[in-house]
Amino acid sequence: MKKEIRESIIQEKMKFPEVLVKEKSLAIFNILKETDFYRKADNIMVYITLENENEVSTEPIIDDLFDRGKRIFVPLTVHKTKALIVSELKDLEKDLKVGNFGVMEPKKETTRPVDPSILDLVIVPGVAFDKRGFRIGHGAGYYDRFLPRLSEKTATVSIAFDMQLIDEVPICCHDIAVKYIITEKRLIKCTNV
Ligand SMILES: Nc1ncnc2c1ncn2[C@@H]1O[C@H](COP(=O)(O)OP(=O)(O)O)[C@@H](O)[C@H]1O
Ligand SMILES: [Mg+2]
């Protein structure tokens, strides 16, 4: 069930022309930057966009955070345990290389691990979402294992195109909801938290 939804949304998303992805990503950033949870956050974890899948671009967010002198953290996937290491990003050009799933990840020598409890805000990736905040990821459950390691007060937000919102994500016992979802059309305060 999750698999079918995941594949169909990815397929639909791939049809978006590049300019539309850019435009919608910017609209999403413009909503995000006005939120309290973004403005107040000092330590922010954000993934690096998977460009070949037309994901909402996190580039405007990363640029803005560097401009504001905030501390930025990126995930590093550990294939064996399916865990995420949180690593501080200091230099967007020099710190990263292509890692698992074709995602840009910190290099060994530029991995600067921190405890997830220091994070004020985590941007959570995903393929499909519902208004409760439940999500379908890429199918490996990395964020389901990771989110329980955050402090209760850490804000979690997923950024997605409006077409990635579905009525109801089929969930299982291990699925963890995010607190907010932002699309190019709206900010949703999720109901499951
Ligand atoms: N907290 C967890 N502990 C152990 N296994 C987990 C946990 N969360 C997810 N998994 C496993 O990860 C796999 C993928 O989870 P799923 O929710 O289907 O993927 P995704 O969230 O990436 O869409 C499942 O087989 C699930 O059993
Ligand atoms: Mg899941």
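**Exercise 1. Sort the residues of the shell around ligand 1 in this predicted model by class, and name them.**

Solution. The shell around ligand 1 divides into two nonpolar, five polar and four charged residues. To assign names to these classes, one takes the residues around the ligand, which are Lys2, Ile136, Gly137, His138, Gly139, Ala140, Gly141, Asp144, Arg145, His174 and Asp175. Since Gly counts as polar here, Gly137, Gly139 and Gly141 belong with the polar residues.

**Exercise 2. Determine on which side of helix α4 its buried residues lie, and what they pack against.**

Solution. The first step is to list the buried residues of α4 (residues 59–67), namely Ile61, Ile62 and Leu65. Because these residues cover an arc of only 95 degrees around the axis, they fall on the same side of α4. An α-helix has 3.6 residues a turn, so residues three or four places apart point the same way. The other side of α4 carries Asp63 and Asp67, which are exposed.

**Exercise 3. Decide what the radius of gyration of the protein chain says when set against that of a compact globule.**

Solution. For 193 residues, a compact globule would have a radius of gyration near 16 Å, and the protein chain, with 15 Å, therefore agrees with it. Taken along the principal axes, the C-alpha atoms fill a box of roughly 40 × 35 × 30 Å, and 36% of the residues count as buried.

Terms used:
Residues numbered from 1 in each chain as written. Chains lettered and ligands numbered in written order. Predicted model: local features only at pLDDT ≥ 70, side-chain atom pairs only at ≥ 80, totals over all residues. Near = placed C-beta within 6 Å. Rg over C-alpha atoms; globule rule 2.2 N^0.38 Å. Buried ≥ 20, exposed ≤ 12 C-beta atoms within 10 Å, placed from the backbone. Helix = DSSP H or I, 4+ residues; strand = E, 2+ residues; numbered from the N terminus. Arc of directions from axis to C-beta. Contact = placed C-beta atoms within 7 Å.
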